[in-house]
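Reader: Please take me through one part of this model in close detail. I want the packing first, then the side-chain contacts around it.

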Amino acid sequence: MSGRTSPGGGTAAPGGTAVIDDIGGPSRPASRHLGLALLVIATAQLMVVLDATIVNVALPDIQKALGFSGTGLEWVVNAYALTFGGLLLLGGRAGDILGRRRVFIGGIVLFSVASLLGGFATSEAWLLAARALQGVGGAIVAPTALALVTTTFPEGPPRNRAMGVYSAMSIGGAAVGLLAGGILTTYLSWRWVLFVNVPIGVVVALLAPRAIAAAPPREVTAAGHRRSRRGSFDIPGAITSTLGLAALVYGLSSAATSANGVSHWGDTKVIVSLVAAVVLLAGFLIIESRSKHALMPLRIFKNRNRSGAYLIMLCVGTAMFGMFFFLTIFVQTVWGYSALKTGIAYLPMVATIMVMAGLSAQLVPKIGARPLLLAGSAIGTGGMFWLSRINEHSTYAGGLLGPLIVTAAGLGVLFMPITLIALSKVQDQDSGLASSLLNTGQQVGGSIGLAVLGTVAWTVVANTARNSAAHAKAAAEAAARAGHPLHESAAQIASAKTAIYNHALSVGFSRGFEVSALIALIALIVTIAMIRVKREDLAGVQAMPGA
């Protein structure tokens with residue numbers, strides 16, 4: 001043959017095309033342009049993550065344009081969350097079975113088409129259908145993009161650098177979405193928070209075939225026979241996992257206490273959804289334990305470090321999404337920030353995340369992943385607790401900038417090692433599954449965070465507002481009895497009510513941020529108890545069957 005010998009004993013054709021490994025293991029598809037491949041993958045991930053927050057900024061404008069009710073407006077977010085969260089496992093496994101590059105491009109095209117349709121929406125139903133379709137595309141792209149990082153970049157420094165960039169996009173994308181949403185909504189139209197995905201998606205879809213090599217369709221067995229690497233779809237597993245995850249996300253999204261202090265955990269739809277989620281997901285685990293072509297082979301959890309990484313990601317998603325949501329409401333309602341100013345306020349956080357993600361990529365080969373996980377979770381816990389000290393009288397420089405930077409430093413250090421551990425020693429044919437589980441943990445964690453933090457925060461807000469109003473009324477009555485009645489103008493009364501509500505928001509959200517800090521502390525405890533990965537474990541070790 002005219003090819004050259006690879007370090008692993010296989011052969012590679014000229015130009016970097018993928019070939020079959022001579023020793024029988026699954027070969028890794030090579031890429032002719034690793035830099036371009038990373039740009040394509042990172043841009044796709046940024047597009048999906050950014051969409052989670054960019055639309056939130058435009059919700060008031062969408063409500064005015066299409067006539068959404070208050071409860072109906074929530075479905076602009078929930079329609080995306082349900083299909084995205086419900087289909088992540090299936091999306092990741094589809095890449096393993098059908099070919100990651102093909103599925104990745106298909107997901108990008110679907111996401112872009114859905115964005116185009118949503119931008120042209122003229123009714124509620126039209127927009128909600130487009131958002132649900134966007135969620136399907138996102139559920140395909142997110143796990144496949146991460147799997148492509150593991151199958152395109154060899155373990156060691158190349159993959160560490162790629163993971164650093166991917167991690168920065170995954171965490172920083174949410175804050176970038178707030179800024180982009182503010183700019184587009186302020187200077188163009190709410191429709192552009194959807195249209196903006198179209199040109200990006202087109203470019204990514206056109207560059208992907210050039211940047212990312214297709215996986216080889218066959219592998220060589222130890223006996224020298226070639227066999228297909230494609231598996232079969234686990235239809236019962238796909239149905240139960242999709243419905244179970246969707247029911248879980250819907251139940252949690254509907255459970256949180258609303259802004260008026262009314263709890264919804266006892267609502268019939270919440271109870272039915274959560275019970276259905278438990279039944280369906282339990283059935284899914286039973287099916288997977290018996291299926292020959294399992295959607296989620298349970299062997300993926302045999303690795304203690306990997307299982308620990310999934311739990312840590314669940315905690316990170318729970319703490320991070322709730323923090324972003326309530327902090328955005330705080331600065332816009334209490335401090336009066338515009339959408340654009342809110343996005344700008346997050347820029348130091350984005351910059352810190354990117355710097356620390358790059359730093360963690362450089363430190364992993366030198367000190368290993370476990371010290372970074374310990375440091376990142378500890379720093380993140382401290383930053384979120386510091387953030388809980390914020391109140392209506394704080395300033396950006398004195399009350400918000402410091403906590404944001406410290407929290408961002410912790411997240412930036414934490415995210416890349418989690419991802420690296422979760423995908424270390426995973427066989428190529430399971431990399432999509434391993435990636436989808438990581439994304440599922442983050443997505444489900446986000447739903448849990450909004451439900452738990454929402455319940456705590458809005459309950460405290462309602463109680464604080466009620467107590468403050470009662471105290472103000474009692475003081476006015478006491479003054480009147482003492483012969484010094486208060487004579488306040490309508491403007492003064494309105495100002496007093498605003499001050500009471502802003503104080504209530506400060507107290508309530510402070511309790512919510514304390515919950516975020518507690519959840520980040522749980523991530524630290526999980527790291528101490530479960531993560532035992534050594535530095536050499538991430539230094540280019542090949543995947544072992546059943547790892």
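Author: Helix α11 is largely enclosed by the rest of the structure, because 22 of its 30 residues are buried. This is a predicted model. The helix covers residues 304-333. From first C-alpha to last, α11 reaches 44 Å, close to the 44 Å expected at 1.5 Å a residue. Its N-terminal end is capped by N303. There, a side-chain oxygen of N303 lies 3.0 Å from the backbone nitrogen of N305.

Now take helix α10, residues 268-290, which holds L281. L281 has 23% relative accessibility, so it counts as partly exposed; the cut-off for buried is under 20%. Leaving aside residues up to four places away in sequence, L281 touches S241, G244, L245 and L248. L243 is 38 residues from L281 in sequence, yet their C-alphas are 8.5 Å apart in space.

Next, the rings. The count comes to 10 aromatic pairs. One of them joins W458 and F509, edge-to-face. Their centres are 5.4 Å apart, with 80 degrees between the planes. This pair links distant parts of the chain: W458 lies in helix α16 (residues 431-481) and F509 in helix α17 (residues 490-530), 51 residues apart. Both W458 and F509 are buried. Elsewhere, F120, W192 and F195 form one aromatic cluster.

Charges also meet rings. The charged end of K341 sits over the ring of Y337, 4.4 Å from the ring centre. R389 places its charged end over the ring of F385, 4.9 Å from the centre.

Notes
Residues numbered from 1 in each chain as written. Predicted model: local features only at pLDDT ≥ 70, side-chain atom pairs only at ≥ 80, totals over all residues. Heavy atoms only, no water. Helix = DSSP H or I, 4+ residues; strand = E, 2+ residues; numbered from the N terminus. Buried < 20%, exposed > 50% of the residue type's maximum accessible area, 1.4 Å probe, protein only. Contact = heavy atoms within 4.5 Å. Expected span 1.5 Å × (residues − 1). Polar contact = N/O pair within 3.5 Å; in protein donor to acceptor, adjacent residues only side chain to side chain. Phe/Tyr/Trp six-rings, centres within 6.5 Å; stacked < 30°, edge-to-face > 60°. Lys NZ or Arg CZ within 6 Å of the ring centre and 35° of its normal.
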